[in-house]
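Here is a short report on one protein model.

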Amino acid sequence: MSRDQKLLIVLTVLLFLGIGVLRGFGYDMGSAATSNLTKIHPSSYFILLITFFNSKKILKVAKAYHNSVWYGLLLIVLIFIYLAFTNNLTSVSFIIDTLLSPMLILLNFKLVSNEGKLKAQKLALNLILINSIMAIIERAINYNFLPITTTYGEVFRSTALLGHPLNNALITCVFILFTLLSKMKLLRKSIYLTIMLAALVCYGARGALYTSFAALVLLFVLPAYFSRGIYFRKLNKAALTFLVGAIVVAISYLIFFTPFGERLVQVSFFDDSAAVRVQSIDLIDWDNLSGYFFAKTQKEVDSMMYMEGVNIIENFFVGWILKFGIIIAVLLVVFYYRMFISTMVISKRIMRHLVIVLFFAAASTNNSLVTGTQVMSLFVLMFCSISNRSGSFESIKVNSNRN
């Protein structure tokens, strides 16, 4: 195994170290951080260090990378300068963990051999399954193995390895999207999907759960019956119908007839939590957008949240508008969309669009992209920097000119 392959494996493991795990090593993040240094996730330090040592190699083969990555790096630099100039540079860890690290992963590992990428991909998939099983066990015994907070409401919610339930849910949703598009055998795919969907129930995450069921239909069920692709043509339609039906029945049973779905049943489709998401949108005066062109100070944001009765902004786009201003927020969304669509290894363009739209749809019901999270780094790892054309686990089909 080459040096870069080993580094990619180490990075993959680091990306799965949530707040609870890190706290066990004395590395307190978030509101519990006692030092500004620990507000940044260890995986970000690792990728920054790798980038420093690989800088000459990256610049030497600069043309091998899509222009969107370089535009993104320029945008991040401009954001730092703008926030520093306006005395609003209070989100350094968020910018590095959430926004910068995915680009650096692309730059450092895009050219790693398929063998190394395949190993990292398999490892990440195994880790999310371990994380999901851990979440299911936690919910079954009503005990968090790595507790991080007790402010999730009256109903128990799993935290597993990745920490916050919503962060867990959004990351799990990314792997559900990946599993739906992978070429693994039908029975294995069904087992993986059932485990991850059950974990979403344990996190009490409606947005990610609804998005995942929509993805099941759009990315797998409909293509299985109507696509002319070799993989889908070879699927046994009777077995497919049975297994998809079994998944739906199993998850529905968990929600409606076991304590696992207690929160989902209690809150239904609209409750105080859902109202908070609507109130988050109301933080923006959409009839007077000129007042949001530039970043708000934390004092202004706190005042707006107090006036609207909002404790947490659970919509990433609203959060980005308040943190950066609407101009930069729109540029960020456009940039990441372009970067994802241009670097994803999925051969069919419509599928690339669907994956990105579904990901952002789940994120819009979630506060993870407004905080420090590894979700976009994992999205890049699974969909953009990995391209497998051989091996027993043949994943997403790629174009011959995409690598």
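## Cysteines

Cysteine 202 counts as buried, at 1% relative accessibility. Buried means under 20% relative accessible area, exposed means over 50%, and partly exposed lies in between (1.4 Å probe, protein chains only). Cysteine 173 is buried too, with 1% relative accessibility. The sulfur of cysteine 202 has the sulfur of cysteine 173 as its nearest cysteine sulfur, 16 Å away, and cysteine 202 is in no disulfide. A disulfide here is a pair of cysteine sulfur atoms within 2.5 Å.

The structure holds 0 disulfides.

## Basis of the model

This is a predicted model, in which local features need pLDDT of at least 70 and side-chain atom pairs count only at pLDDT 80 or more, while totals for chains, interfaces and linings use all residues. Residues are numbered from 1 along each chain as its sequence is written, and side-chain values use heavy atoms, with hydrogens and water left out.

## Helix H16

Helix H16 covers residues 326–343, 18 residues in total. Helices are DSSP runs (H or I, at least four residues), numbered from the N terminus. From first C-alpha to last, H16 reaches 26 Å, close to the expected 26 Å at 1.5 Å a residue. The expected span is 1.5 Å times one less than the number of residues.

The buried residues of H16 include Ile326, Leu332, Phe335, Tyr336, Met339 and Phe340. Ser342 and Thr343 are also among the buried residues. What do the buried residues of H16 pack against? Their partners are helices H4 (67–85), H5 (92–109), H15 (316–324), H17 (349–363) and H18 (375–383).

## Salt bridges

The count comes to 3 salt bridges. The rule asks for a side-chain nitrogen of Lys or Arg within 4 Å of a carboxyl oxygen of Asp or Glu. Aspartate 4 pairs with arginine 3 at 2.9 Å, N to O. Aspartate 4 also forms a salt bridge with lysine 57, where the closest N and O atoms are 2.8 Å apart. Aspartate 4 sits in helix H1 (residues 3–14) and lysine 57 in helix H3 (residues 42–60), so this pair ties together parts 53 residues apart in sequence.

Aspartate 4 is buried, at 15% relative accessible area. Arginine 3 is partly exposed at 47%, and lysine 57 is partly exposed at 38%. Elsewhere, arginine 23 and aspartate 28 meet in a salt bridge at 3.6 Å, N to O. Arginine 23 is partly exposed at 33%. Aspartate 28 is partly exposed at 21%.

## Glutamine 5 in helix H1

Glutamine 5 lies in helix H1. Is glutamine 5 buried or exposed? It counts as buried, at 6% relative accessibility. Leaving out residues up to four places away in sequence, glutamine 5 touches Val112, Ser113, Glu115 and Gly116. Contact means heavy atoms within 4.5 Å. Glutamine 5 and lysine 119 are 114 residues apart along the chain, yet their C-alpha atoms are separated by 8.4 Å.

Isoleucine 137 is in helix H6 (residues 114–141). Its relative accessible area is 40%, partly exposed. Beyond its neighbours within four places in sequence, glutamate 138 is in contact with residues including Tyr143, Phe145, Phe156 and Ala160. Glutamate 138 and alanine 199 are 61 residues apart in sequence and 9.9 Å apart in space, C-alpha to C-alpha.

The loop between H6 and helix H7 (165–181) holds asparagine 142. Alanine 160 lies in the loop between H6 and H7 as well. Phi of asparagine 142 is near 55°, a positive value in a residue other than glycine. For alanine 160, phi is near 50°, again positive in a residue other than glycine. Asparagine 142 is partly exposed, at 46% relative accessible area. Alanine 160 counts as buried, at 1% relative accessibility.

Terms used: Helix = DSSP H or I, 4+ residues; strand = E, 2+ residues; numbered from the N terminus.
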